Amino acid sequence: MRTLTTLAAGAAVLLTLAACGDKADKPAAKPAGASSGQRSAPWAAGSSTVFPFASRVAENSARTSGGSAAKIESLGTGGGIKLFCGGAGSGFPDIANASRQMKKSEFEQCAANGVGDIIELKIGYDGVVVATAKTGAGFDLSLEQLFRALAADLPSGSGFAPNKAATWADVAPGLPTTRIQVYGPPPTSGTRDAFVELAMDAGAAKVPELKALKESDEDAFKTRAGTIRTGAWIDSGENDNAIIGTLTKTPGAVGVFGYSFLDNSRDQVKAISIGGVQPTIATIADGSYPLSRSLFIYVKKSNLDVTPGLKAYVTDFLSDAASGKGGYLQDRGLIPLTDAERAAQKKALADLAPMAAPAK
């Protein structure tokens with residue numbers, strides 16, 4: 001009996017030692033979202049407007065460095081930031097491309113998922129273009145007319161009623177009699193966000209009843225101004241080139257997309273002026289074109305010395321040869337920052353200065 005007991009005890013000791021040995025030899029399990037292996041090249045995701053610029057820099061940076069080209073994905077600004085903020089491991093992008101600034105809620109989501117010390121870099125300017133086929137009727141729209149054409153509801157009596165305007169001429173005499181049919185990006189797009197802010201909000205503020213609402217209830221104003229009616233606006237995905245193709249096949253239709261796509265498709269489409277101003281490099285840079293906006297990239301500071309080629313890629317993006325005046329990105333439609341602005345962005349990268357939490 002003693003022999004059997006001794007053997008059992010000895011076996012238990014051996015099993016315990018073996019288990020301890022296994023634990024010593026095996027690394028601790030990685031938490032969810034952690035890197036399962038470092039990538040060999042940078043990964044950027046986000047804005048369809050920034051996509052062609054980011055892709056061009058990726059090509060150039062890989063060619064000059066001899067390394068692997070960065071992976072660039074066009075998911076829309078909201079989709080790109082959401083993925084970027086998903087975690088700090090290699091399963092998430094190093095960079096979020098954005099055609100608007102990061103929102104407070106997005107910044108907080110990043111922090112909740114362990115993504116801290118984000119570097120915000122402005123790379124240039126762009127204009128949100130309202131355009132039609134080159135063979136279509138050219139016209140000018142005020143911000144108020146643009147709002148009245150696309151708003152879901154308009155002031156009526158002491159309240160609001162569904163927008164009944166069927167043609168542009170219903171909005172204002174002298175505009176085309178063609179049906180209001182606007183092809184544009186979905187809600188996940190930074191271009192859509194910019195259009196709502198620069199066109200819809202600004203246009204609504206020109207309407208006396210909505211101006212009064214803005215002064216009394218900012219949130220209610222934002223809801224009224226930013227609700228675009230379906231049917232008049234057709235969500236057309238994140239591919240701005242597809243919108244341009246639709247305009248050439250749909251007489252009288254109007255499209256909303258970034259200036260760079262207009263600049264590269266002037267043989268197919270033409271811009272509708274806003275407030276009497278055409279979108280050009282000069283009018284976007286000086287802000288006289290009403291639908292002008294800034295473009296950004298957001299970079300994880302912790303990844304700069306970890307992801308191969310990331311620091312070189314971001315440095316190339318801010319170089320004079322790329323985003324400076326006369327740089328190769330200007331040929332693709334990027335409106336350059338002023339010399340002083342670009343110097344400030346270069347300093348932010350050199351100092352590795354994390355952004356502060358957005359106000360809203």
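This is a predicted model: local features need pLDDT of at least 70, side-chain atom pairs count only at pLDDT 80 or more; totals for chains, interfaces and linings use all residues.
Two packed helices are described by the angle between their axes and the distance between the axes. For helix H2 (residues 51–65) and helix H13 (residues 310–317), the axes come within 9 Å of each other and cross at roughly 120°. H2 is therefore oblique to H13, since angles of 65 to 115 degrees count as roughly perpendicular and those over 145 as roughly antiparallel. The crossing of H2 past H13 is right-handed. On the H2 side, the contact is made by Phe53, Ala54, Val57, Ala58, Ser61 and Thr64; on the H13 side, these residues meet Ala312, Tyr313, Asp316 and Phe317. By class, the residues of the contact between H2 and H13 comprise seven nonpolar, two polar and one charged.

A disulfide is a covalent bond between the sulfur atoms of two cysteines. One disulfide was found when the whole structure was searched. The bond is between Cys85 and Cys110, with an S to S distance of 2.0 Å. Distant parts of the chain are linked by this pair, the two cysteines being 25 residues apart. Cys85 lies in the loop between helix H3 (77–84) and strand S3 (95–98), whereas Cys110 belongs to helix H4 (residues 104–112). The angle about the S-S bond is -75°, and the link of Cys85 and Cys110 is left-handed. Both Cys85 and Cys110 are buried, with a relative accessible area under 20% as the criterion.

Technical notes
Residues are numbered from 1 along each chain as its sequence is written. Side-chain values use heavy atoms; hydrogens and water are left out. Axes are lines fitted to C-alpha atoms, for helices over the stretch in contact, and angles run from 0 to 180 degrees between N-to-C directions. Helices (H or I, at least four residues) and strands (E, at least two) are DSSP runs, numbered from the N terminus. Angles under 35 degrees count as roughly parallel, over 145 as roughly antiparallel, 65 to 115 as roughly perpendicular and the rest as oblique. A crossing is left-handed if the near helix is turned anticlockwise from the far one by less than a right angle, and right-handed if clockwise. Contact means heavy atoms within 4.5 Å. Ala, Val, Leu, Ile, Met, Phe, Trp, Tyr, Cys and Pro count as nonpolar, Asp, Glu, Lys and Arg as charged, and the others, Gly among them, as polar. A disulfide is a pair of cysteine sulfur atoms within 2.5 Å. Buried means under 20% relative accessible area, exposed over 50%, partly exposed in between (1.4 Å probe, protein chains only).
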